[in-house]
Amino acid sequence: MEITGFFTAIIIGLIIGALGRLVVPGRQRIPILLTLAIGVVAALLGTLVAGLLGVDDTRGIDWIELFIQIAFAAVGVSLLASTYGRRR
């Protein structure tokens, strides 16, 4: 991953975190900054997995990569919301 790809993943990750939170049903009692951090990690992991699957560089919008990233964000938000909610 090049440096521009890293910064793009961070920016897209902020959006991915919000989308991941929207995909998870119910109310999540985690701070928005934590959701955005999950999105950044999900974007980086999604880009890595898409690269391993060979779908990271397609013509136009990389829909498969985007869906992988949103899935990682949804799983991350769901897992963290369940543990964070119990802790408080």
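Me: Ile15 lies in helix α1, residues 3-23. Why is Ile15 called partly exposed?

Reply: This is a predicted model, by the way. Ile15 has a relative accessible area of 49%. Buried means under 20% and exposed means over 50%, so a value in between counts as partly exposed, and that is where Ile15 ends up.

Me: What makes Ile15 part of a nonpolar surface patch?

Reply: Patch members need over 30% relative accessible area, and Ile15 has 49%. The patch is made by Ile15 together with Ile12, Leu14, Leu19 and Leu22, and covers about 440 Å².

Me: How do you know that the length of α2 agrees with its residue count?

Reply: Helix α2 has 22 residues, 32-53, and at 1.5 Å a residue it should span 32 Å. Its end C-alpha atoms are 31 Å apart, which agrees. Just after α2, Gly54 takes a positive phi of about 80°.

Me: What does UniProt call residues 31-54?

Reply: The unreviewed entry annotates them as "transmembrane region", along with 6-24 and 66-85. In the model, residues 31-54 are 92% helix and 0% strand, with end C-alpha atoms 34 Å apart. Residues 6-24 are 95% helix and 0% strand, and their end C-alpha atoms are 26 Å apart.

Methods:
Residues numbered from 1 in each chain as written. Predicted model: local features only at pLDDT ≥ 70, side-chain atom pairs only at ≥ 80, totals over all residues. Heavy atoms only, no water. Patch = residues over 30% accessible without salt bridge, like charges linked within 9 Å, V, L, I, M, F, W, Y side chains within 5 Å. Areas by Shrake-Rupley, 256 points an atom, 1.4 Å probe, with all protein chains shown as cover. Salt bridge = Lys/Arg side-chain N within 4 Å of Asp/Glu carboxyl O. Helix = DSSP H or I, 4+ residues; strand = E, 2+ residues; numbered from the N terminus. Buried < 20%, exposed > 50% of the residue type's maximum accessible area, 1.4 Å probe, protein only. Expected span 1.5 Å × (residues − 1). UniProt positions renumbered as here; feature names shortened; annotations may be inferred.
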